[in-house]
Amino acid sequence: NVASNEANSSGAGSGAESAALFSKLRSFSIGSGPNSPQRVVSNLRGFLTHRLSNITPSDTGWKDSILSIPKKWLSSAESVDEFGFPDTLPKVPVPPLDQTMADYVLALEPITTPAQLERTKGIIKEFMSPQGLGPRLHQYLLDKREAEDNWAYYYWLNDMYMNVRIPLPINSNPGMVFPPRRFRTVHDVAHFAARLLDGLLAHKEMLDSGQLPLERAASREKNQPLCMAQYYRLLGSCRRPGVERDSQYLPRCEQPGEEDRHVVVICRNQMYCVVLQASDRGKLSESEIASQILYVLSDAPCLPAKPAPIGLLTAEPRSQWARDREALQSDERNQRNLELIETALVVLCLDEPLGRNFNARGFTGATPSMHMAGERDETNMAHEMIHGGGSEFNSANRWFDKTMQLIICTDGSWGLCYEHSTSEGIAVVQLLEKIYKSILEQPFDDNGLPQHHLPPPERLEWHVPAEVQLRFPQAAVSVDKAIDNLDFYVYRYNGYGKNFVKACQVSPDVYIQLALQLAHYKLYGHLVATYESASTRRFLHGRVDCIRAASTEALEWAKAMCQGEGANVPLESDREDDEEDARKVKFSIYSKEHLRELFRCAVARQTEVMVRNILGNGIDIPLLGLREASVEVTGELHELFTDESYKISQCFLLSTSQVACSTDSFMGYGPVTPRGYGCSYNPQPEQIVFCVSAFYACEDTSASRYAKSLQDSLDIMRDLLQN
């Protein structure tokens, strides 16, 4: 491991040298300003590995040299763990202003015109001048970093989620599909649901007892501890709508057995409170939970009155839902219902199957769906998890504000929809995969359910004011229109997977990101602002920054791969007569070695951007900080943030993320802009699973055509790199 290697290379006497160095440093009256060695070392401790012998306080470059101290040699300054890392996580850094601006210009080069870029360079020059606003705002952020645990967290949270007014389903909440189950009877459904809930309850007990294992980085300073805060926000949390800004209900950590724990189960739009653990009777067994679920499954279809589709309101634009929620709260029963939903560990949705009209609209030659639930394919199942299928299907059988909605359909399809603001996908995936694997290891018995003498679950009854009653048909039209507009396609590329990519000595994530760029270039003849989430969990309360895959190096490589042709390059999968095509002589204006060299340059650039981001030196979080600081300091936005180039850079026409799963599962979501694409991917050893999304209302985009372009791009990349 890295810590051991550094310790071995430091040589004898390093501990004494370290103590002597820090003794000398303490004699300097430097204080705790933004450039003090204490703060700089706290930011970058453990990232660099120069030897101690090169550092003396009398050096003119002592501030740079101090950054070179390996993490093990800082042990005299604070306590460290068994791998030599500090026991406390460092704060998110504020990168140097000139570095942020230089990287911003590099990010703009491939996606703006020369005239736009030159104008932006002039604005940046004025912004960074000694009399400009830039240095003042940068110092403001440094001071904010000193005063807060994570200076960027609420800037980011509000900008990414809380201030956004569009509906959650499709636009924000991802959906995840697991391999479907085979349910023979309704008892199987109840058993499976009980297994999931029992696993979640056990996980909650582990969280409350403080026994959640600490995760560590697997590369780039291997074994560095990662922030686990978001793992504690999954269960029992909920987003709350606001007219101008949303908020979050976050649970407090309880001592095991200290409080009652419940879930809310929704079946045919009826809501039930199922208590899993109570102070007066303890924790329910798995079979007792199953009996409660079975009651819901039998009771909901038999009720004479059709329930009000309250859950449909959570799919509205956020400001409208906030007003409707406020109207609902005028009744005390509704207040209690809302509290039960928001404080529930999770919401469990028991669904009816969607129709075949949600099946994939793929392309000729595409890989068929790996999993089927009856006649429903994987694309169909993904639609169910993302939005529920519409007002006549399961979209009212939801509570889209809830962090985790487990969804089980009677035909065996299952997965979840999750509200994104509290956590990244990795925490959700790991939790459910852990429970799912334990279920696979312990098959169900066929003995049926024993008789239990528990009180039945409480059904939540709503008193709906007249003004809210009028909202239901309007909400139904809005939701159905949004669902009809979603162009979604689960595409499995089976030409090869990450094993081949690793054999080419390239990171699978970097490789796939370049494939996404090439696929876009083949269709449109240019690159666009691309978002890929990069975890910043190496820092206290770190969430994500943005890896921008559209680089000048990627553009030059994509141009060369397309032989200088413009947009709408013919795709291999467009060609109908394979025999005639095979007889054609193909010419290339670039040698394979030249193309490989351009690819290596693009890989190097993408890797550099990725590493900068995970080490806290991306550009999007610092730019966001400067933008918000501009308003807080001057009361208005600086020209840098009203500039056309900035608007282009923030319009992510390609929104991507790697969602790696250890099971044959996948997660997908909608585009983040009306003219864009969403594309998640799960690299597996011998295949890559993509979830591609677009909107039918945009005539220039097509999920299936982008998937075709991806297939062609991945094929020609293999031809370029194999052997």
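Mentor: Begin with burial. Note that this model is predicted. In H19, the buried residues are Ala 554, Leu 555, Trp 557, Ala 558, Ala 560 and Met 561.

Trainee: What covers the buried residues of H19?

Mentor: The cover includes H18, H21 (592-614) and H24 (703-721).

Trainee: How should I think about the spacing of residues along a helix?

Mentor: An α-helix has 3.6 residues a turn, so residues three or four places apart point the same way. Now look at one neighbour. H18 spans residues 508-524 and H19 spans residues 552-561.

Trainee: At roughly what angle do the axes of H18 and H19 cross?

Mentor: They cross at roughly 55° and come within 9 Å. The crossing is right-handed.

Trainee: Which residues make the contact?

Mentor: H18 brings Leu 514, Leu 518 and Tyr 521. H19 brings Ala 554, Leu 555, Trp 557, Ala 558, Lys 559 and Met 561. Sort them by class: 8 are nonpolar, none is polar and 1 is charged.

Trainee: What happens just after H19?

Mentor: Check the backbone there. Gln 563 has a positive phi of about 60°.

Trainee: And the whole chain?

Mentor: Zoom out. The protein chain holds 24 helices and 17 strands. Of its 723 residues, 56% are buried. Among contacts between residues at least 6 apart in sequence, 75% join residues at least 24 apart.

Terms used. Residues numbered from 1 in each chain as written. Predicted model: local features only at pLDDT ≥ 70, side-chain atom pairs only at ≥ 80, totals over all residues. Heavy atoms only, no water. Axes fitted to C-alpha atoms, helices over the stretch in contact; angles between N-to-C directions. Helix = DSSP H or I, 4+ residues; strand = E, 2+ residues; numbered from the N terminus. Left-handed = near helix turned anticlockwise from the far one by under 90°. Contact = heavy atoms within 4.5 Å. Nonpolar A, V, L, I, M, F, W, Y, C, P; charged D, E, K, R; others polar. Buried < 20%, exposed > 50% of the residue type's maximum accessible area, 1.4 Å probe, protein only.
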